Amino acid sequence: MKLIATDLDGTLLNSNHSISQENVLAILEAQRKGIEVIVSTGRTFSSAKSILNTAGIDTPFIISSNGSQIHTAQGNELQSYPLSKSVLERLLPYLDINNFYYIISTDSYLIEPSNGRERLIADFYKAKESDGSINEEYLQDTLDLFYTSDTSAEVRQANSIYDIINTPCYNIAIVSFSQNKLLKGRKALKDMKGISIVSSADNNFEIVSDLSSKGNAVEYVANSLDISLEDVMAIGDNFNDLSMFKKVRYSVAMGNAKDDIKKECRFVTLKNDDHGVAHAIYEHIKKLA
């Protein structure tokens, strides 16, 4: 094993959206043994870089926006696949007309509709009318993730699609607390040319360029480091990580992942709140000894 690619949310990050000291020490130990470690996330580059800086972790590359961008740790962009202007002109009106909450990743910040926060809160209470089991902690955790946590990216508001379409956009997360609404949106958009649809949480689906995937990005990094995919480990917890699992030899699902994700992996580690990334690293280092 010469390269480890790890997801952030639900994987390297715990429920408090931070990297535990146990995970930090495991990554440093892997690096000490000559194993490269990179991050592959749906977050923006700037958000991922901030998280790594806070934890004191250096990585040679950061894959962001679900594989739509690859940067060096210094911020030099090596590869990117923005959504085309024609896709944005077709996609955004649909989302607005159907009152979807969405948040768009650019190079260093996020863009949402001008009434985004209110739209997200209204969606929650509409969903709660049909499903009383949804509690307000779920809403608050989502709001914290986007707006108030230490790992949040800057959020800017757009009054119209014309504030957006001339900006390179790499990932659009469509969020709803209603599974029926998400299913309806995926069904309506699944045949749109130029996009791929992935999911990183139960309450979203995400739109990227059809040229983008975490798996392709990991392959690009491995090739640039002259490392065979047979010597690569990928660690993740959700459906947007499947493309990585299919590319590499050492596929690792988090203990908090759904069973459908675990079935696709060769190894299941502990949950993110139990330092599952550290456990996976130490277990595989032992096998290399």
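## Strands S3 and S4

Strand S3 (residues 61-64) and strand S4 (residues 69-72) run antiparallel and are joined by four bridges; strands are DSSP runs of E with at least two residues, helices are runs of H or I with at least four, and both are numbered from the N terminus. Two strands are taken to pair if DSSP finds at least two bridges between them. Within this pair, Ser64 stands opposite Gln69 of S4.

The model is predicted: local features require pLDDT of at least 70 and side-chain atom pairs pLDDT 80 or more, while totals for chains, interfaces and linings use all residues. Residues are numbered from 1 along each chain as its sequence is written, and side-chain values use heavy atoms, with hydrogens and water left out.

## The sheet and helix H8

S3 and S4 belong to an open sheet of eight strands with mixed pairing, in the order S5-S4-S3-S2-S1-S12-S13-S14. Strand S5 (77-80) and strand S14 (267-268) each have a single partner strand, so one side of each lacks a neighbour in the sheet. Helix H8 (residues 214-224) packs on the sheet and touches strand S1 (3-6), strand S2 (36-40), S3, S4, S5 and strand S12 (232-236), contact meaning heavy atoms within 4.5 Å. The direction of H8 makes about 165° with that of S3; axes are lines fitted to C-alpha atoms, for helices over the stretch in contact, and angles between N-to-C directions run from 0 to 180 degrees.

S2 pairs in the parallel sense with S1 over four bridges and with S3 over two bridges. Ile4 stands opposite Val37 of S2, and Ser40 stands opposite Ile63 of S3. Four of the five residues of S2 are buried (under 20% relative accessible area, with exposed meaning over 50% and partly exposed in between; 1.4 Å probe, protein chains only).

## Helices H5 and H6

Helix H5 (residues 116-130) and helix H6 (residues 136-148) have axes that come within 10 Å and cross at roughly 160°. That makes H5 roughly antiparallel to H6, a term for angles over 145 degrees. The residues of H5 that meet H6 include Leu120, Ile121 and Phe124, and their counterparts in H6 include Leu139, Leu143 and Phe146.

## Positive phi in two loops

His17, in the loop between helix H1 (8-12) and helix H2 (21-32), has phi near 60°, a positive value in a residue other than glycine. His17 counts as buried at 13% relative accessibility.

Asp226 lies in the loop between H8 and S12 and also has phi near 60°. Asp226 is exposed, with a relative accessible area of 72%.

Conventions: Parallel < 35°, antiparallel > 145°, perpendicular 65-115°, else oblique.
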